[in-house]
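Work through the following exercises with the sequence and the model in view. Each task is followed by a solution in steps.

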Amino acid sequence: VKSGLGGGGMEYPTFITTTLSNFPPDKVNLDAMVIYHEIAHQWWYGMVASNEFEEAWLDEGFTTYSENRIMEKRFGLKSNFVNLGRLNFSSEDLTKLSYLLDPQSDPVVKNSWEFMDYLSYRACVYSKASLLLETLGNYLGQERMSELLREYFRRYKFKHPVTQDFIRLTNEITGGDFTTLFEQTLFGTGICDYAVASIKSEPKTGNQTKGPFRTEVMLRRLGEVVMPVDVLLVLDDGEKIWQNWDGKERWHRIEMETNSRIKTAIIDPEDKLVLDINVNNNSLTT
C-alpha cells in the first residue's frame, strides 16, 4: 500500500480504480474523498458524456462539486476531510485552496492541453468550477439547485452537452438570467473580491454617548466579477440591519441615521459567495 494517487484514482465508465493512502481513516478522509469523486464521474462523465478534453469543467467541476456535497453529507460540514484536533478542514476548504493557488492564469472553458500548466488546469476546471456551482446553489437555494442538476442529467445523458447547454438550461429552470455570471467566471479570468473598507458613526447633536448618529459604511469591489451581495450591520445596542448591494460599482456607501453606534459590518454574512478569494476583508469591527 503506497501513499499518493497517481493512476490509482481514476474513473472509467462503470469502473473506478483507487490506491489506498497511509492516512488513518478516522483522521484524514482522503480515501473516501477519492472514491466519492471517482464514483461521481459515473454521472457527469460516464452518462452525461461531457467532453473532458475540450470543456473539462463539465466533468471535473461537476464531479468535484458532487464530491464536496457527499463529504458534507457523510462526515459533516467543517472537518469532513481532516480532523486532527485543532487542525480541521473540509473538502471544500481544499477546493478553495486549490483555486487560490492560481486563480487567474487561464479561463475555465479552454482546451485541456492549452492550459499553462497542471496547477492552472486544476485550479480552473476542478476548483473554480466547483465553487461557481456552489455559489450558484447558494443563491438559488439547494432545492432548486438539485432540481437544476437533475434536469441537466435527465435531459443530456448520453448527449455530450456543451457549456452553452448548461447556461441555457440554468436560465430556463430558474427563470433568471445567469448568462453574465457564467461569462465572467467561465470565459474570463477575473476574480471575485468584495470588502468592507470603513465603518463609522458620528453623533448628530454633539453628544458622544447618545443618538441619533450618522452612520456610514464604505464597501469596495476589488475584483472584476460582479455579484449582488448582502450586508449585515450590527449596532452597539444589538440591533441588526440588513442591506443589499448589487455590487456593480467599484464602491458603495451606506448612509443612515441610527440610535446606536455601529459595531460591525459584514459583507456576505451567510457565506453565499464562496468564489470570493479573500474572506478576511469581508467584515470590519470597531
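Contact here means heavy atoms within 4.5 Å. The model is predicted.

**Exercise 1. Which residues of helix 4 and helix 7 meet, and how are the two helices oriented to each other?**

Step 1. Locate the elements: helix 4 covers residues 118–140 and helix 7 covers residues 179–186.

Step 2. List the contact. Helix 4 supplies Lys-128, Leu-132 and Leu-136, which meet Leu-181, Phe-182, Thr-185 and Leu-186 of helix 7. By class, this contact has five nonpolar, one polar and one charged residues.

Step 3. Take the geometry. The axes come within 11 Å and cross at roughly 160°. Angles over 145 degrees count as roughly antiparallel, and helix 4 and helix 7 are therefore roughly antiparallel to each other. Helix 4 passes helix 7 in a right-handed crossing.

**Exercise 2. Describe how helix 1 packs against helix 2.**

Step 1. Helix 1 spans residues 30–47 and helix 2 spans residues 57–75. Their axes lie 8 Å apart, at an angle of about 130°.

Step 2. Helix 1 and helix 2 are therefore oblique to each other. The crossing of helix 1 past helix 2 is right-handed.

Step 3. On the helix 1 side the contact residues include Tyr-36, His-37, Trp-44 and Tyr-45, and on the helix 2 side they include Phe-62, Ile-70, Met-71 and Phe-75. The residues of this contact divide into 11 nonpolar, five polar and four charged.

**Exercise 3. What is the make-up of the contact between helix 5 and helix 6, by class?**

Step 1. Helix 5 (residues 142–156) and helix 6 (residues 163–174) pack with their axes 10 Å apart, at about 130°. The pair is therefore oblique, and helix 5 passes helix 6 in a right-handed crossing.

Step 2. Among the contact residues are Arg-144, Glu-147, Glu-151 and Arg-155 of helix 5, and Asp-165 and Glu-172 of helix 6. Leu-148 and Leu-149 of helix 5 also take part, as do Phe-166 and Leu-169 of helix 6.

Step 3. The count by class is seven nonpolar, two polar and six charged residues.

How values were computed: Residues are numbered from 1 along each chain as its sequence is written. This is a predicted model: local features need pLDDT of at least 70, side-chain atom pairs count only at pLDDT 80 or more; totals for chains, interfaces and linings use all residues. Side-chain values use heavy atoms; hydrogens and water are left out. Axes are lines fitted to C-alpha atoms, for helices over the stretch in contact, and angles run from 0 to 180 degrees between N-to-C directions. Helices (H or I, at least four residues) and strands (E, at least two) are DSSP runs, numbered from the N terminus. Angles under 35 degrees count as roughly parallel, over 145 as roughly antiparallel, 65 to 115 as roughly perpendicular and the rest as oblique. A crossing is left-handed if the near helix is turned anticlockwise from the far one by less than a right angle, and right-handed if clockwise. Ala, Val, Leu, Ile, Met, Phe, Trp, Tyr, Cys and Pro count as nonpolar, Asp, Glu, Lys and Arg as charged, and the others, Gly among them, as polar.
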